[in-house]
Amino acid sequence: MQNTLTTGRTTPELAAEPQATKPIASSECCRFCATPLRHTFVDLGMSPLCESYVSAENLSKVEHFYPLHVHVCEECFLVQLPVFVSAEEIFTEYAYFSSYSDSWLKHASEYVDMITTRLGLDSTSLAVELASNDGYLLKNFVKKGIPCLGIEPAVNVARVASEQGVPTLVKFFGQETAEELIAQGKKADLVIGNNVLAQVPDLNDFVAGIKLLLKPRGVATLEFPHLVRLMQENQYDTIYHEHFSYFSFITVEKIFAAHDLVLFDVEELPTHGGSLRIYARHVEDHSRPITQRAMNLHTSEMEAGLHLMQTYSSFDEKVKESKRSLLEFLINARRQGKRVAGYGAPGKGNTLLNYCGIRTDFLDYTVDRNPYKQGKFLPGTHIPIFAPGKIFETKPDYVLILPWNFKEEIVNQMHKIREWGGKFVVPIPTAKVIS
Ligand SMILES: [Zn+2]
């Protein structure tokens, strides 16, 4: 695994065929139930990996584009992208440090307070977090004197966690890792997986690992973006190569049931455009009855037709219409001589701009607070990224907010654009001027 650190993000066999139009999928069958994938959920065309920002000296070099063609399984309704780039390449050295986001830190500490009380965790318990990043969450257990262990494949972020006193194992999680832990006498009262399930290439191995690792009365909680919100709000820009799966509650129920785990509770959270936090236990553990809110969500997804193929088949057209509305806005603004800048350089912005074909012809530049991105260019579209101060220098008429999930925070931070009549625009569900 170490050598993937130096090989970059592109495998040699993919590099040989960057223009291929037929998906070069490692598997064209459902990653949960192995049914051949025949139905398109949405086809966003070809796109570069969303985190591969381009430096000035590489602007005229070849960039690799991969299909963003999402399928839905007719049998289990798992919405999924084939794996084009291995998880090892994406996640072994990962640029995303969870501790950079204040609101996410608060979310984590509130969760730890809640779950400690709910499960009655103490100094005899063990909490294990899968994809524990830089220890931002587990450090709250350390403070409470509750034993914990992080499992994190990215060497650089795992190192930060260990240095801060959060025990961390540098590994991918699955049955093999679970068995190694069990051999060391470690079983978990609580298994946590936040924003990792979507990024797991072998779902069955991952969930089977959770089943093994949990004590008989153990509980697993996992958070992931909710497919229903993605569909309702046209959040197609949350689709990128690093996210292999997109889950409804009823499909996750099926996946866990296949491994003798029951989802006995669920919460709907506002994070990442609308997420679910599921609670799983062994099927044999009757001490925790299925809650009303779990039953309600199951019922509401059935009523919304998430078990029917026709519910999924209309999404592709909705996305096309959203693209048209954004382009219509930009074309009109440009024809009127207005200047438009972007705010943010998130992964979702890269999906959106590549899919819509928006380059510097529509968007002069974007800005981002992350110094790592400043001075670079967005992958594919080559829109330059500056520090946020650029907006106050150039005074654009419109600021297009790419990380719309933080729009309130950004509108507050940048409210001074109103002094010259500047307005904010969000791109989804359909393009809209918000002030
Ligand atoms: Zn399936």
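## Strands at the sheet's edge

Let's start with strand S16 (residues 423-426), which pairs with S17 in the antiparallel sense over 2 bridges. Two strands count as paired if DSSP finds at least two bridges between them. Strands here are DSSP runs (E, at least two residues), helices are runs of H or I with at least four residues, and both are numbered from the N terminus. Within this pair, Val426 stands opposite Lys432 in S17.

S16 and S17 belong to an open sheet of 6 strands with mixed pairing, in the order S14-S13-S12-S15-S16-S17. Strand S14 (385-386) and strand S17 (432-433) are at the edges with a single partner strand each, so one side of each has no neighbour in the sheet.

A quick word on what you're looking at: this is a predicted model, where local features need pLDDT of at least 70 and side-chain atom pairs count only at pLDDT 80 or more, while totals for chains, interfaces and linings use all residues. Residues are numbered from 1 along each chain as its sequence is written, and side-chain values use heavy atoms, with hydrogens and water left out.

## A covered hairpin

Now for strand S10 (residues 261-269), where 8 of the 9 residues are buried. Buried means under 20% relative accessible area, exposed means over 50%, and partly exposed is in between (1.4 Å probe, protein chains only).

S10 runs antiparallel to strand S11 (residues 275-282), and 8 bridges join the two. Asp265 stands opposite Tyr279 in S11. The hairpin has 5 residues between the strands, and His272 takes a positive phi near 55°.

## The zinc site

Which residues hold the zinc ion? Cys30, Cys33, Cys73 and Cys76 coordinate the zinc ion, each through SG, at 2.3 Å. Donors are N, O and S atoms within 2.8 Å of the metal (3.2 Å for Na, K and Ca); water is not among the atoms, so sites may look incomplete. Along the chain, the zinc donors follow the spacing C-x2-C-x39-C-x2-C.

The 4 donor atoms make angles of 99 to 121°, and the site is tetrahedral; for four donors, that label requires all angles to lie between 85 and 135 degrees. Cys30 counts as buried because its relative accessibility is 5%, whereas Cys33, at 27%, counts as partly exposed.

In helix H6 (residues 175-183), the buried residues are Thr177, Ala178 and Leu181. Seen down the axis, they fall within an arc of 100°, so they line one face of the helix; the arc is taken from the directions from the helix axis to the C-beta atoms. The face turned away from that buried side carries the exposed residues Glu176 and Ala183. After H6 comes Gly185, with a positive phi near 80°.

The buried residues of H6 pack against strand S5 (148-151), strand S6 (168-169) and H7. Helix H7 (residues 203-213) is largely enclosed by the rest of the structure, because 8 of its 11 residues are buried. Among them are Leu203, Phe206 and Ile210.

The largest nonpolar core has 59 residues, of which Phe41, Tyr236, Ile239, Tyr312 and Ile358 touch the most other members. Helix H12 (residues 315-335) gives the most to this core, with 7 residues. A second, separate core of 42 residues includes Phe32, Cys76, Leu78 and Leu276. Such a core is a set of buried Ala, Val, Leu, Ile, Met, Phe, Trp, Tyr and Cys residues joined through side-chain atoms within 4.5 Å.

Key:
Tetrahedral: all angles 85-135°; square planar, octahedral: opposite > 155°, others 65-115°. Contact = heavy atoms within 4.5 Å.
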